[in-house]
Amino acid sequence: QVDIDELREYIYVAFEGDDEIIDLYDKGVPVKSLVDVCENICDKIKSVENISKFAVKHCGEKVGYFVYEGNSLVSFGINKECRIKFLLERFWELIKEELGDEFTCTLFSYNKRGIEWLEKCGMSVLFENITILKLCQ
């Protein structure tokens, strides 16, 4: 586990050169650049009190991160140069080592890339095109 300041570096590395993430990102947030995306991810993570943050390295190099709360994978990313079969398999193993064999992940339906990867890893879509509401008082 790492603190948010250290995690920030890993988030930037995870999305370095990945301009596609701008179109896959939360449409409710006006992001125009990779910096905007990375900073908003950090802000969202900071807003959750009991969130677990993990930095991922390969051969001593920063390559990505994942974040979870309870049994829910909240955010994840791995550098596009590392999106090859054996590294993606290892990344998935690290996530499962922390979260176990039963957990959820909520993604926007337009994040097809993330959804397809999680499905390849064995996750199943439970709901599509839904709005989840929460009462905050």
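This is a predicted model: local features need pLDDT of at least 70, side-chain atom pairs count only at pLDDT 80 or more; totals for chains, interfaces and linings use all residues.
Trainee: In what pattern do the helices and strands follow one another along the sequence?

Mentor: The chain has 5 helices and 4 strands. Read along the sequence, their order is α-α-α-β-β-β-α-β-α.

Trainee: How compact is the chain for its length?

Mentor: Along the principal axes, the C-alpha atoms fill a box of roughly 45 × 35 × 30 Å. For 137 residues the globule rule gives 14 Å, and the radius of gyration is close to that at 14 Å, so the chain is as compact as a globular protein of that length.

Trainee: What share of the contacts with a separation of 6 or more joins residues 24 or more positions apart?

Mentor: Buried residues are 40% of the 137 in the chain. Among contacts with a separation of 6 or more, the share from residues 24 or more positions apart is 55%.

Trainee: How far apart are the mean positions of the positive and negative charges?

Mentor: The chain exposes about 8,900 Å², with 50% of it supplied by carbon and sulfur atoms. It carries 17 positive and 26 negative charges. The distance between their mean positions is 2 Å.

Trainee: How many disulfides are there?

Mentor: A disulfide needs two cysteine sulfur atoms within 2.5 Å. The closest cysteine sulfur to that of C105 is in C121, 11 Å away, which is too far for a bond. Seen from C121, the closest is C105, again at 11 Å and too far. The count is 0.

Trainee: Is C121 buried, partly exposed or exposed, and which is its class?

Mentor: The buried class ends at under 20% relative accessible area, and exposed begins over 50%. With a relative accessibility of 22%, C121 counts as partly exposed.

Terms used:
Residues are numbered from 1 along each chain as its sequence is written. Side-chain values use heavy atoms; hydrogens and water are left out. Helices (H or I, at least four residues) and strands (E, at least two) are DSSP runs, numbered from the N terminus. The radius of gyration is taken over C-alpha atoms; the globule rule is 2.2 Å times the number of residues to the power 0.38. Buried means under 20% relative accessible area, exposed over 50%, partly exposed in between (1.4 Å probe, protein chains only). Contact means heavy atoms within 4.5 Å. Accessible areas come from the Shrake-Rupley method with a 1.4 Å probe; for residues, only the protein chains shown count as cover. Lys and Arg count as positive and Asp and Glu as negative; His and the chain ends are not counted. The place of a charge is taken as NZ of Lys, CZ of Arg, CG of Asp or CD of Glu.
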